[in-house]
Amino acid sequence: MFEKEVHPFSNYLRSAMIPHIWCPGCGNGIVVNCFIHALDELQKDLDKLVVISGIGCIGRTAGYINADSFHTTHGRAIAFATGVKLANPELEVAVISGDGDLFAIGGNHFIHAARRNIGIKVICANNFNYGMTGGQQGPTTPIEALTTTTPYGNIELPFNLVHLAAASGATYVARWTTLHVRRLTQSFKRMLQKEGFCFIEVITPCPEIFGRRNKMKTGLEMMEWFRRASVVENFSDPAKAEIMPEKIVVGEFVNVEKVSYEKLLHEKIAKINEKRMKW
Amino acid sequence: MSEKRALLTGAHFMNGDVACAEGAIAAGCRFFAGYPITPATEIAEHLSERMPEFGGIYIQMEDEIASIAAVIGASYAGLKAMTATSGPGFSLMQENIGLAVMTETPCVIVDIMRGGPSTGQPTLPGQQDVMQAKWGSHGDYGIIALAPSSVQEMFDLTIEAFNLSETYRVPTLLMADEVVAHMWERVVIPSSSKIKIVNRKRPHGSPNKYMPFMPDDDMVPPIACFGEGYRFHATGLTHDEHGYPKTQSSEVQSKLVRRLCEKVSKSSDKIIRIEEVMLEDAEVAVVAYGIVARSALSAVRRARKAGIKAGLLRLITLWPFPEAHVAKAAQQAKAMVVPEMNCGQMVREVERAAKGTPVNFVSKLGEDPHTPMEILEAMRRNS
């Protein structure tokens with residue numbers, strides 16, 4: 001009676017891995033959706049794409065996207081991706097992971113990959129807590145937020161991820177929320193066309209684990225917060241790009257041209273061998 | 001310049017770290033990621049100079065965790081890859097060695113053993129990491145570990161480590177000690193056509209039917225590389241033949257983990273290499289490895305001169321443990337002597353395999369390796 005409908009982006013997804021593991025109201029699906037749209041609009045060759053993730057809810061993305069993919073140990077996605085990109089610079093290497101994975105246990109790899117300007121594209125789904133393990137405090141948890149390990153309110157200052165990325169040397173830095181679907185997709189497209197280390201922070205709702213402890217019980221309520229508080233301030237000082245209950249600064253913060261590590265490295269290798277030829 | 005002309009051949013005078021680095025290049029290694037640490041640093045230094053000459057990649061990472069992660073990534077991107085470290089770095093690498101085991105990544109990890117625990121004795125030799133080599137990462141798994149006794153073997157066994165790693169899709173460890181790494185000796189390098197090189201088994205059939213963790217009869221799955229159109233998934237989670245996570249299935253877990261153990265243990269006859277010296281009629285059998293085996297050999301020769309029927313079983317392969325060879329030597333011997341630069345590690349395996357033949361452990365810590373006289377004395381006491 002009904003014709004079997006095929007999802008228009010089914011070729012971008014590994015159907016055997018669907019349904020996904022994410023909770024109702026989670027924003028991770030929007031991150032994947034926008035990323036896939038960006039790939040599609042750019043007509044990216046999926047055979048040359050490698051999606052790499054660490055551990056955490058968003059870390060399962062590597063399994064859902066129908067490209068070569070690798071789900072690494074906790075925090076090590078960027079270091080793994082560095083090996084992939086240097087070994088085969090022709091590959092488009094995307095790291096999609098969470099705030100805890102990339103900035104707590106993996107923070108050292110992030111700043112060094114940005115400093116070296118390795119041409120990988122890093123996407124951080126920032127949900128302000130460790131969702132998969134049940135909602136513990138993490139490096140982006142806002143002050144006074146309630147989590148399972150800050151039952152009296154968080155007293156740790158959170159990282160400002162876009163400021164950290166900019167200071168570490170990223171060539172492209174942006175922050176959006178999952179409400180900014182079109183701008184986020186545009187940003188993904190811009191990032192996928194750039195050389196060097198790129199970073200996009202996506203603020204995502206985590207109502208089941210984070211929101212319900214912080215007076216936002218549904219995905220909709222969290223999205224309401226993003227709508228109410230977000231202010232687009234493109235190319236403003238990332239140091240001042242705050243995430244507060246009343247104001248979330250979003251936008252593009254950095255977009256500069258800088259030769260990537262892998263390009264410099266392979267140029268160097270070519271030069272060394274040219275010199276040897278002359279002997 | 002063609003690769004063949006740039007490869008070293010003939011006789012050279014070099015140290016063990018440099019021989020290891022040259023062995024890696026000869027084996028076809030084209031990716032090195034590492035972090036400076038005594039006494040393994042010279043491997044990195046030498047490869048930073050040599051890798052570019054072969055179009056290979058050298059990168060100094062921010063730590064050892066990143067180094068092994070990058071090595072696994074490079075291997076999946078198609079290059080033979082290696083890292084080198086010492087005790088503290090080896091400890092840091094353990095979690096990702098488990099990832100390499102779980103994702104069946106061919107790669108080589110060199111551990112130049114110094115005195116531990118912790119920062120210990122950076123410039124002195126040790127053999128304190130040999131159990132960590134087997135059990136260092138969490139969970140059950142099979143692993144291959146080799147122990148070179150000379151600078152020549154630093155070259156030869158590095159190649160062997162790559163060959164084994166490529167054959168069995170298992171991270172392979174070169175467990176050398178500081179003396180072997182820093183000692184200078186003559187190394188003879190055959191022409192590249194005479195060096196046996198093994199490359200990983202590649203998938204056959206169409207990419208969309210490829211199952212990255214479906215083993216052949218040898219229990220080893222063929223390996224595709226990123227960017228070749230296979231579009232496969234790999235994960236550190238318990239996974240099925242497709243590489244998809246199946247974390248709730250006892251059947252998948254049991255099948256996978258048993259295969260990870262058995263693909264090594266069931267091929268141990270093909271993997272294990274030992275050297276037997278005058279063991280045929282030995283009443284006192286010394287079991288040794290690494291630099292200590294050199295002293296042991298000298299001790300055995302002196303013992304023979306003194307009328308003691310002594311022999312040496314040198315372990316070239318530490319893991320899988322050469323159990324049958326030890327058992328055979330123990331059957332005939334009245335006593336076994338095991339000298340090690342630790343508080344007693346491989347000796348436990350020897351005791352287990354010796355099945356009742358008395359095993360005498362000779363421990364040495366914190367200084368030069370055992371002298372031949374020290375080992376000879378232990379043999380005299382037990383002859």
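**Domains, sheets and the chain interface**

In chain B, the domain assignment gives domain 1 (3-194) and domain 2 (274-381); such bounds come from an automatic or database domain assignment. Please note that this is a predicted model, in which local features need pLDDT of at least 70, side-chain atom pairs count only at pLDDT 80 or more, and totals for chains, interfaces and linings use all residues. Residues are numbered from 1 along each chain as its sequence is written, while chains are lettered from A and ligands numbered from 1 in the order in which they are written.

The C-alpha centres of the two domains of chain B lie 26 Å apart. Between them, 22 residues of domain 1 are in contact with 20 residues of domain 2, where contact requires that the C-beta atoms, placed from the backbone, lie within 7 Å. On the domain 1 side, at least two residues each are supplied by β6 (121-125), α6 (130-135), β7 (144-146), β8 (172-177) and α8 (178-182) of chain B. These names refer to DSSP runs, numbered from the N terminus: helices are H or I with at least four residues, and strands are E with at least two. The largest share of that side, 4 residues, comes from α6(B). By class, the side divides into 14 nonpolar, 6 polar and 2 charged residues. Here Ala, Val, Leu, Ile, Met, Phe, Trp, Tyr, Cys and Pro count as nonpolar, Asp, Glu, Lys and Arg as charged, and the others, Gly among them, as polar.

Five strands form an open sheet with mixed pairing, in the order β11-β13-β12-β15-β16; two strands pair if DSSP finds at least two bridges between them. At the edges are β11 (274-277) and β16 (359-363), each pairing on one side only. Within the sheet, β12 (residues 284-288) and β15 (residues 335-340) of chain B run parallel and are joined by 3 bridges, and B:Ala285 stands opposite B:Met336 in β15(B). Helix α11 (residues 292-305) of chain B packs on this sheet, touching β11, β12, β13 (310-315) and β15, and its direction makes about 165° with that of β13(B). Angles run from 0 to 180 degrees between N-to-C directions, and axes are lines fitted to C-alpha atoms, for helices over the stretch in contact. Helix α13 (residues 346-354) of chain B also packs on the sheet, touching β12, β15 and β16, with its direction at about 165° to that of β15(B).

A second open sheet has strands from both chains: its 9 strands follow the order β7(A)-β8(A)-β5(A)-β6(A)-β4(A)-β3(A)-β1(A)-β2(A)-β10(B), with mixed pairing. Its edge strands are β7 (230-232) of chain A and β10 (233-235) of chain B. The strands β2(A) and β10(B) run parallel, joined by 3 bridges, and the bridge partner of A:His71 in β10(B) is B:Thr235. Further along, 5 bridges join the parallel strands β3 (residues 92-98) and β4 (residues 121-126) of chain A, with A:Val122 in β4(A) as the bridge partner of A:Val95.

Conventions
Two residues are in contact if their C-beta atoms, placed from the backbone, lie within 7 Å.
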